[in-house]
Amino acid sequence: QVQLVESGGGLVQPGGSLRLSCVASGLTLDWYNARGWFRQAPGKEREGVSCISLSDGSTYYEDSVKGRFTTSRDTAKNMVYLQMNSLKPEDTAVYYCAVLRDCYSDWEYWGQGTQVTVSS
C-alpha cells in the first residue's frame, strides 16, 4: 500500500508564494517512477499541475503554471516539493500529491490533499 501525505498549504495573498511538500511511503513505491501534483477547485474537474521523473528529474507543467511553479524531488527522503510563486486567485484549490508509473500515465495513488487559498 502506498501512502502520501501533503503539507504546506494555507492562505496567501495574490503574488505570494507557498511551498508544498509530499512524503511517500509503501512497499510498492519502486514501481512508480514519477510524482505528480494535481489540484481540484470547488465545482471543477481535477487538473494536472506538474510531474517529475524520479530517475532523471525531467519535469512537466500545465501551461497556466509554467514559469511560476517548480517541482523538485529528494529521492533519498521520498519527498517531492511544489514551489509556487506569483500565486493568483485562480490557483485556489486543494492540491494533491500523486504517484505515477511515469509522467505519461494516470495518477494511481494520492494523498488527502492540502488546501491552498489565494485571496486578499
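This is a predicted model: local features need pLDDT of at least 70, side-chain atom pairs count only at pLDDT 80 or more; totals for chains, interfaces and linings use all residues.

Trainee: What makes the pair of Tyr60 and Tyr104 edge-to-face?

Mentor: Two values are needed. The ring centres are 5.9 Å apart and the planes stand at 65° to each other. Ring centres have to lie within 6.5 Å to pair, and planes over 60 degrees apart count as edge-to-face. Both conditions hold, so the pair is edge-to-face.

Trainee: Why is it said that this pair ties together parts apart in sequence?

Mentor: Tyr60 belongs to strand β6 (residues 59–61), while Tyr104 sits in the loop between β9 and β10, so the pair joins parts that are 44 residues apart in sequence.

Trainee: Are these two residues buried, partly exposed or exposed, and how do you know?

Mentor: Exposed needs over 50% relative accessible area, buried needs under 20%, and partly exposed is in between. Tyr104 has 69%, so Tyr104 is exposed. Tyr60 has 36%, so Tyr60 is partly exposed.

Trainee: Which residues do ring pairs link into a cluster?

Mentor: Phe38, Tyr96, Trp107 and Trp110 are linked in this way. Another ring, that of Tyr81, has Arg19 over its face, at 4.0 Å from the ring centre.

Trainee: How many disulfides does the structure hold?

Mentor: Two.

Trainee: How do you know that Cys22 and Cys97 are joined by a disulfide?

Mentor: Their sulfur atoms are 2.1 Å apart. The cut-off is within 2.5 Å, so the pair counts as a disulfide. The torsion about the S-S bond is -75°, and this link is left-handed.

Trainee: Why is the disulfide of Cys51 and Cys103 called left-handed?

Mentor: The sulfur atoms of Cys51 and Cys103 are 2.0 Å apart. The torsion about their S-S bond is about -90°, so this disulfide is left-handed. Cys51 lies in strand β5 (residues 47–53) and Cys103 in the loop between β9 and β10 (109–110), so the bond links parts 52 residues apart in sequence. Cys51 has a relative accessible area of 7%, so Cys51 counts as buried. With bonded cysteines counted along the chain, the disulfides follow the pattern 1-3, 2-4.

Trainee: Why does Thr71 count as buried?

Mentor: The relative accessibility of Thr71 is 4%. Buried means under 20%, so the label applies. Thr71 is part of strand β7 (residues 69–74).

Trainee: What does the side chain of Thr71 reach?

Mentor: The side chain of Thr71 reaches the backbone oxygen of Tyr81, at 3.0 Å. Leaving aside neighbours within four places in sequence, Thr71 is in contact with several residues, among them Trp37, Cys51, Tyr61 and Leu82.

Trainee: What is said about the phi of Asn78?

Mentor: Most residues other than glycine have a negative phi. Phi of Asn78 is near 55°, which is positive in a residue other than glycine. Asn78 is placed in the loop between β7 and β8 (79–84). Ser86 also has a positive phi, near 50°, and is found in the loop between β8 and β9.

Trainee: Why are Asn78 and Ser86 called partly exposed?

Mentor: Asn78 has 35% relative accessibility and Ser86 has 41%.

Trainee: How many helices and strands does the chain come to?

Mentor: Zero helices and eleven strands.

Trainee: What makes the chain as compact as a globular protein of that length?

Mentor: Its radius of gyration is 13 Å, close to the 14 Å given by the globule rule for 120 residues, so the chain is as compact as a globular protein of that length. The C-alpha atoms fill a box of roughly 40 × 25 × 25 Å along the principal axes. Of the 120 residues, 42% count as buried.

Notes. Residues are numbered from 1 along each chain as its sequence is written. Side-chain values use heavy atoms; hydrogens and water are left out. Helices (H or I, at least four residues) and strands (E, at least two) are DSSP runs, numbered from the N terminus. Buried means under 20% relative accessible area, exposed over 50%, partly exposed in between (1.4 Å probe, protein chains only). A polar contact is a pair of N or O atoms within 3.5 Å; within protein, one must be able to donate a hydrogen and the other to accept it, and residues adjacent in sequence count only if both atoms are side-chain atoms. Contact means heavy atoms within 4.5 Å. Rings of Phe, Tyr and Trp (its six-membered ring) pair if their centres lie within 6.5 Å; planes under 30 degrees apart count as stacked, over 60 as edge-to-face and the rest as tilted. A charge sits over a ring if NZ of Lys or CZ of Arg is within 6 Å of the ring centre and within 35 degrees of the ring normal. The radius of gyration is taken over C-alpha atoms; the globule rule is 2.2 Å times the number of residues to the power 0.38.
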